[in-house]
Amino acid sequence: MPSSIVTQVVSPRQDYATLVRRRLLLLFGMAVLLLISLLVDLSTGPARYGLWDVAGAVFGAGPEDPKLSAIVWSIRLPAALMALAVGASLAVAGAQMQTILNNPLASPYTLGLSAGASFGAAITLAFGVVLVPAALDYMVPINAFIVAMATAFIIYGLSLRRGAGVQTIVLLGIALVFTFNALLSMVQFLATDQAFAAVVFWTMGSLTKATWPKLAVTCAVIAATVPVFAARRWQLTALRLGDAKAASMGVPVRRLRLETLILVAMLASVPVAFVGTVGFVGLVGPHIARMLIGEDQRFLLPATALCGALIMSASSIVAKTVLPGATIPIGIVTALVGIPFFIVLILRNGKSSW
């Protein structure tokens, strides 16, 4: 009899330890895949190089090739790392929006944050409108951040209205998307030919203009926001049980939701300002991570970042290989991948609760 009691006590602990090991192995496997994808991305382009040659140029191993080193470090590495940073930012932003709104279809793209950031950046590119005159060097990302922040507050305010359910918030987000897209079209209509071309190219999403300073700013935003999510991992996990249960556990639901929306606006607006509109990464990445890892934010947060980075890195490879000699805007690739996934989520959400 005592042995059976011991078995009953130890077994759940063993099951939990096995689950933790499985999740850690999945995270390690995704990190390895991401490293391989990064090297493939660096080796892909008009001039193709072998993976070992690229790895040698990056890590300083093997014979030195000045031409290869210049191509890798000056052109390809900033773009490849920017793809990882943008993918991680948008995926984490999407995961936290889905958490605080309890909405499987929430993401910076579907709820209008990306569209708002795009409009904020477009008025600067087309007309030179500066919302913060003291920061002329970064007026495009700052304008994008301010408009995305305003969009986040609109969503937050509407979500507090009585009777505003999941479907209502999704429809409001879609309305914001159409509103900002209409304003963006008006900007393009009024812009000069040169400004029009710049706005159109920018809204398609491209990594070709990635630079080390832009990468540094994007990584700084990640470094400033993700640790906050990590520190609130238990509160965010509890929030998935519902507002009432989370509040009974001592979670400040309203403050947590507001703080998270502000951080999500930062994560969504800065990458969009630098590389243009990139859709569905913030929707697809979190769902893949949840299917592999579960809802525990301790593991969901790094898994979501890895999934988003892997999606963007793979999209960058596809964008450079589909048409020989040309690079397709990465926003087109992510949209073509994300739209079927979005339709599947809508159909699944209509049949079962999330």
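V129 is partly exposed, with a relative accessible area of 32% (partly exposed lies between buried, under 20%, and exposed, over 50%, with a 1.4 Å probe and protein chains only). This is a predicted model, in which local features need pLDDT of at least 70 and side-chain atom pairs count only at pLDDT 80 or more, while totals for chains, interfaces and linings use all residues. Residues are numbered from 1 along each chain as its sequence is written, and side-chain values use heavy atoms, leaving out hydrogens and water.

**Nonpolar patch**

- V129 sits in the loop between α4 (113–127) and α5 (139–159); helices are DSSP runs of H or I with at least four residues, numbered from the N terminus.
- F127, V129, L131, V132, I146, M186, F189 and L190 form a nonpolar surface patch with about 730 Å² of accessible area together.
- Such a patch joins nonpolar side chains (Val, Leu, Ile, Met, Phe, Trp, Tyr) within 5 Å, from residues with over 30% relative accessible area and no salt bridge.
- Helix α6 (residues 166–190) contributes the most to this patch, with three residues.

**Salt bridges**

- The count is eight salt bridges, each being a side-chain nitrogen of Lys or Arg within 4 Å of a carboxyl oxygen of Asp or Glu.
- E259 and R232 meet in a salt bridge (3.1 Å, N to O).
- This pair links distant parts of the chain, 27 residues apart: E259 is in helix α11 (residues 253–275) and R232 in the loop between α8 (212–231) and α9 (233–239).
- R290 pairs with E295 in a salt bridge (2.9 Å, N to O); R290 is buried at 11% relative accessible area, whereas E295 is partly exposed at 26%.
- R298 forms a salt bridge with D296, their closest N and O atoms being 2.6 Å apart.
- Salt bridges that share partners join R23, D296 and R298 into one network.

Key:
Patches are made of residues with over 30% relative accessible area and no salt bridge: like charges are joined within 9 Å, nonpolar side chains (Val, Leu, Ile, Met, Phe, Trp, Tyr) within 5 Å. Accessible areas come from the Shrake-Rupley method with a 1.4 Å probe; for residues, only the protein chains shown count as cover. Helices (H or I, at least four residues) and strands (E, at least two) are DSSP runs, numbered from the N terminus.
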